[in-house]
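Please read the following report with the sequence and the model side by side. It moves from helix packing to the cores, then to a sheet, the contact of the chains and some backbone details.

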Amino acid sequence: MKSLRRIQAIVYKELIQLKRDKMTFGMVIMIPLVQLLLFGYAINTNIRDIPVGLLDNSQTALSRVLKQTVAATGIVDFTHHYTSLPQAQAAIDRAEVRAVFIIPKDVSQRLVRHPVVGFGLPPSSDQENSRPIAQWLVDGSDTVIAGTIKSLRNMPLAELLDKPANRNTATFEVTLLYNPEQRSVVNIVPGLVAVILTMTMIMFTSAAIVREQERGNMEMLITTPLASIELMLGKIFPYIFIGAIQVVIILGLGHLFFNVPINGGLSQLTLATFLFICASLVLGLVISTIATSQLQSMQMTVFILLPSILLSGFMFPYEGMPEVAQYIAEAMPATHFIRLIRGVVLRDVEVVDMTFDMIWLITFTIIGLFIAAVRFKKTLD
Amino acid sequence: MSELAIDAKELTRDFGDVTAVSSLDLRVEKQTIYGFLGPNGSGKTTAIRLFTGLLKPSAGSIKVLGLTLPRDANKLRLQIGYMTQKFSYYDDLTVKENLQFTARVYGLTPNEQKRRIDELISIYQLQKLSPQLSGSMSGGQKQRLALACSVLHKPKMLFLDEPTSAVDPENRREFWEQLFDLCDQGITILVSTHYMDEAERCHKLAILENGVKRADGSPNELMNNMSAHVVEIASNNLRNVKQQLLAVPKIVSVAQLGSHLRVLVQKELDDPITYLRKQNLIPNQDKMLIVRPSLEDVFVTCTGKNKLFEDKK
């Protein structure tokens with residue numbers, strides 16, 4: 001009973017301090033709001049309108065139609081025209097354009113011999129008879145852009161020749177579940193919950209203990225009967241609610257603005273976020289017992305935050321990472337939460353079905369709380 | 001009265017190579033105000049932290065209120081109040097919220113909380129300040145709040161670390177009145193200070209320097225047993241005379257107080273005035289008087305390079 005009252009003392013104190021700290025209180029709302037809108041609109045892996053140049057050596061009606069057909073895909077946007085190859089290369093060097101479309105002089109001959117035209121089928125190994133119609137010169141440093149332009153390699157030319165569309169039978173049929181329209185935002189918004197929670201939750205608690213030390217309150221706190229585990233729990237409780245508010249903002253607005261489906265049940269969503277909020281807060285507390293100043297605690301927060309964004313599967317698929325990076329990713333709560341929240345929000349799975357991720361978050365919280373409580377000593381030694 | 005609140009023997013605390021408190025023997029009787037007098041860095045704060053269980057001793061034994069430290073540090077916490085040198089309650093909480101926080105931390109029931117807080121607010125005249133943020137208050141007001149918070153759980157013993165360093169003289173007087181009230185209610189108080197006038201108010205005091213206890217006893221005992229005579233000289237050429245007197249062998253210290261020189265002469269001389277006259281430094285028309293020693297004189301004779309006895313090692 002007394003123990004509860006002591007935890008309550010810390011909780012009330014934290015809430016009052018948070019209420020008085022207008023800046024922090026504002027950030028609780030503004031961080032998820034701004035970041036959601038920013039990332040929701042900004043992050044898009046379906047690339048369109050890449051600025052490219054044209055080097056038309058043919059200057060025929062055909063070359064102009066070819067250019068228009070390529071432009072009609074919407075993937076590229078012909079912003080510049082060049083007259084020579086060195087000029088085109090220089091333009092790529094100075095990043096004026098990302099790629100140059102080079103139409104050779106003999107484009108009409110090449111087209112005629114191209115299998116798509118259908119004047120008999122020349123042996124495909126015969127370089128002389130079957131050559132590509134035109135060439136793309138691409139700045140390959142950005143793999144995403146390069147990949148997008150590479151996807152033009154087998155662009156159907158049926159339209160160009162006024163023929164019926166591609167009649168080729170696909171080798172495989174691919175059925176896209178959960179995000180059939182392939183909108184990146186559907187994947188990003190649930191991931192954003194993890195990134196924003198990691199950032200705000202760790203930040204709040206990583207400063208929690210250090211701040212008491214820096215402001216000179218610690219000497220008073222340790223002379224009271226307050227136990228370290230009580231202090232830790234008291235520090236965590238208020239922020240669980242803050243985290244819940246942020247989740248509501250992100251998923252609510254994500255649903256409203258970006259039409260992100262929320263397929264899972266509310267109870268599953270609450271359970272998953274609760275587990276992750278606790279794990280993040282505890283991680284912050286551990287940082288707070290290590291850091292000796294608020295600046296240090298901020299630095300450590302950033303140190304944790306970056307891998308949480310880059311390795312957790314938020315930006316790049318976990319499966320694409322080398323094994324070592326996967327181990328690091330597995331250690332971070334954000335990785336497990338991103339799996340859980342995407343599962344719940346997009347695929348309507350039950351948290352208990354994703355046992356490994358759930359157990360990892362619970363274990364992380366308990367061990368972290370223990371470490372923080374042990375590390376925090378009630379003497380000045 | 002004879003029961004001891006603090007009984008420390010050979011108490012030592014090192015921080016690396018530095019010894020902050022060295023072989024300190026201390027006996028504080030219950031229901032008294034005991035003073036620690038010493039310059040900054042003399043080990044007062046470290047000693048208090050040892051007695052409150054915040055630091056573990058490197059050597060020696062401590063018993064506070066019959067509890068052995070550091071073993072019983074947690075039990076002791078409920079029975080002592082500690083007011084730190086720097087205001088250690090929350091600047092961004094109001095006076096009332098700070099009191100409520102403290103009451104909850106000490107596990108008072110809501111009814112007890114209300115009663116005790118009302119009581120303290122009236123004792124320490126915090127009524128008008130109650131809705132004010134603690135950070136915006138003056139030194140004296142913060143002091144009253146800190147004292148109210150540290151006695152909220154009715155401790156048997158109170159430790160005050162330089163409580164009046166940021167308080168004006170009028171508030172200091174009042175503050176000491178409150179301390180005597182507390183003492184009257186049966187609380188033992190240990191207070192550190194570097195003000196002589198405050199030290200003089202204590203029932204007993206210890207003079208600390210470099211972690212070593214140089215002297216202890218009641219202010220009167222200390223003054224009566226002082227190992228030097230105090231001679232006051234009224235002269236016209238004070239600065240000059242002072243410089244010359246400092247070179248005289250049996251003179252412990254010379255200090256100027258307005259138009260007088262206060263000269264401490266070793267006690268072994270029976271007639272210090274004749275001794276001083278013999279030095280032929282002071283014009284004959286100048287008056288000399290043996291006066292009652294002050295606590296400052298005691299402090300000067302037993303600290304610094306003037307001290308009249310060796311460090312015990």
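Helix axes are taken here as lines fitted to C-alpha atoms over the stretch in contact, and angles between N-to-C directions run from 0 to 180 degrees. The model is a predicted one, in which local features need pLDDT of at least 70 and side-chain atom pairs count only at pLDDT 80 or more, while totals for chains, interfaces and linings use all residues. Residues are numbered from 1 along each chain as its sequence is written, and chains are lettered from A and ligands numbered from 1 in the order in which they are written. Helices (H or I, at least four residues) and strands (E, at least two) are DSSP runs, numbered from the N terminus.

**Two packed helices in chain B**

In chain B, the axes of helix 5 (residues 139-151) and helix 6 (residues 169-184) come within 10 Å and cross at roughly 10°. Helix 5 and helix 6 of chain B are therefore roughly parallel to each other, a term for angles under 35 degrees. On the side of helix 5 of chain B, the contact is made by B:Gly140, B:Gln143, B:Leu147 and B:Val151, which meet B:Asn171, B:Phe175, B:Gln178 and B:Leu182 in helix 6 of chain B; residues are in contact if their C-beta atoms, placed from the backbone, lie within 7 Å. By class, the residues of this contact are four nonpolar, four polar and no charged, where Ala, Val, Leu, Ile, Met, Phe, Trp, Tyr, Cys and Pro count as nonpolar, Asp, Glu, Lys and Arg as charged, and the others, Gly among them, as polar.

**Nonpolar cores**

A nonpolar core is a set of buried Ala, Val, Leu, Ile, Met, Phe, Trp, Tyr and Cys residues joined through C-beta atoms within 7 Å. The largest one has 159 residues, and those with the most contacts inside it are A:Ala194 and B:Ala148. Helix 7 (residues 184-206) of chain A provides the largest share of this core, with 15 residues. Leaving aside residues up to four places away in sequence, B:Ala148 touches B:Leu99, B:Leu120, B:Tyr124 and B:Leu126.

**A sheet in chain A**

In chain A, four strands form an open sheet in the order 2-1-3-4, with mixed pairing; strands pair if DSSP finds at least two bridges between them. Strand 2 (76-82) and strand 4 (135-138) of chain A are the edge strands, each pairing on one side only. Strand 3 (residues 99-103) of chain A is joined to strand 4 of chain A by four bridges, and the two run antiparallel.

**Contact between the chains**

In the contact of the two chains, 21 residues of chain A are in contact with 21 residues of chain B. Helix 1 of chain A gives the most to the side of chain A that touches chain B, with nine residues.

**Backbone details**

A cis peptide bond, with omega about 0°, joins B:Leu69 and B:Pro70.

| Residue and phi | C-beta neighbours inside 10 Å |
|---|---|
| A:Asp49, phi about 55° | 11 neighbours, exposed |
| B:Ser23, phi near 40° | 17 neighbours, partly exposed |

A:Asp49 is found in the loop between helix 2 (22-42) and strand 1 of chain A, whereas B:Ser23 is found in strand 2 (residues 18-29) of chain B.

Key
Parallel < 35°, antiparallel > 145°, perpendicular 65-115°, else oblique. Buried ≥ 20, exposed ≤ 12 C-beta atoms within 10 Å, placed from the backbone.
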